[in-house]
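Work through the exercises below with the coordinates open. Each task is followed by a solution in steps.

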Amino acid sequence: MSNNIYIYIFVMAGVTYLIRLLPLTFIRREIKNTFIRSFLYYVPYVTLSVMTFPAILYATENLWSALAGLIAAIFIAWKGGSLIKVSAAACITVFLVELFI
């Protein structure tokens, strides 16, 4: 198999184009099924979570400080904290755990 980069770029462009073209071609009317609508509503949140979660765990030098920051962020968010409070609590928790480990 040759390593022709233009073939890779062409395949990538084709797949990206098809992913955007097929729904516009086949779905011409409004989606009324509540299950499909709720599924499509949560797709961006799930995608963001799947991309962010591994980065959270490997952002620090120690896995335990990353877990402590994640737990602190989840706890503050669960209690209704704002985004600034959640991120500040996670950063402070990671800093303190890194100091003592």
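**Exercise 1. The largest pocket**

Task: state the volume of the largest pocket, and find which residues and helices line the pocket.

Solution. The largest pocket has a volume of about 300 Å³. Its lining counts 14 residues, and those closest to the centre are Thr52, Ile56, Leu70, Ala73 and Ala90. On a 1 Å grid over the protein atoms alone, a pocket is an open set of points where a 1.4 Å probe fits, with protein on both sides within 12 Å along at least five of seven lines; a lining residue has an atom within 4 Å of a point. The volume is the space filled by probe spheres set on the points, which are joined across faces, edges and corners.

Next, assign the lining to helices. H2 (34-57), H3 (63-78) and H4 (83-100) each supply at least two residues. Helices here are DSSP runs of H or I, at least four residues long, numbered from the N terminus.

Last, sort by class: 10 lining residues are nonpolar, four are polar and none is charged. Ala, Val, Leu, Ile, Met, Phe, Trp, Tyr, Cys and Pro count as nonpolar, Asp, Glu, Lys and Arg as charged, and the others, Gly among them, as polar.

The model is predicted: local features need pLDDT of at least 70 and side-chain atom pairs pLDDT 80 or more, while totals for chains, interfaces and linings use all residues. Residues are numbered from 1 along each chain as its sequence is written, and side-chain values use heavy atoms, without hydrogens and water.

**Exercise 2. Asn62 and Ser65**

Solution. Asn62 sits in the loop between H2 and H3, whereas Ser65 belongs to H3. The cut-offs are under 20% relative accessible area for buried and over 50% for exposed, with partly exposed in between (1.4 Å probe, protein chains only).

Now the polar contacts (N or O atoms within 3.5 Å, one able to donate a hydrogen and the other to accept it; residues adjacent in sequence count only if both atoms are side-chain atoms). The Asn62 side chain reaches the backbone nitrogen of Trp64 at 3.1 Å. The side chains of Ser65 and Thr60 are joined at 3.0 Å.

**Exercise 3. The salt bridge**

Task: how many salt bridges does a search of the whole structure find, and which residues form a salt bridge?

Solution. The search finds one. Glu30 pairs with Arg37, their closest N and O atoms being 3.6 Å apart. The criterion is a side-chain nitrogen of Lys or Arg within 4 Å of a carboxyl oxygen of Asp or Glu. Glu30 is exposed because its relative accessibility is 55%; Arg37, at 44%, is partly exposed.
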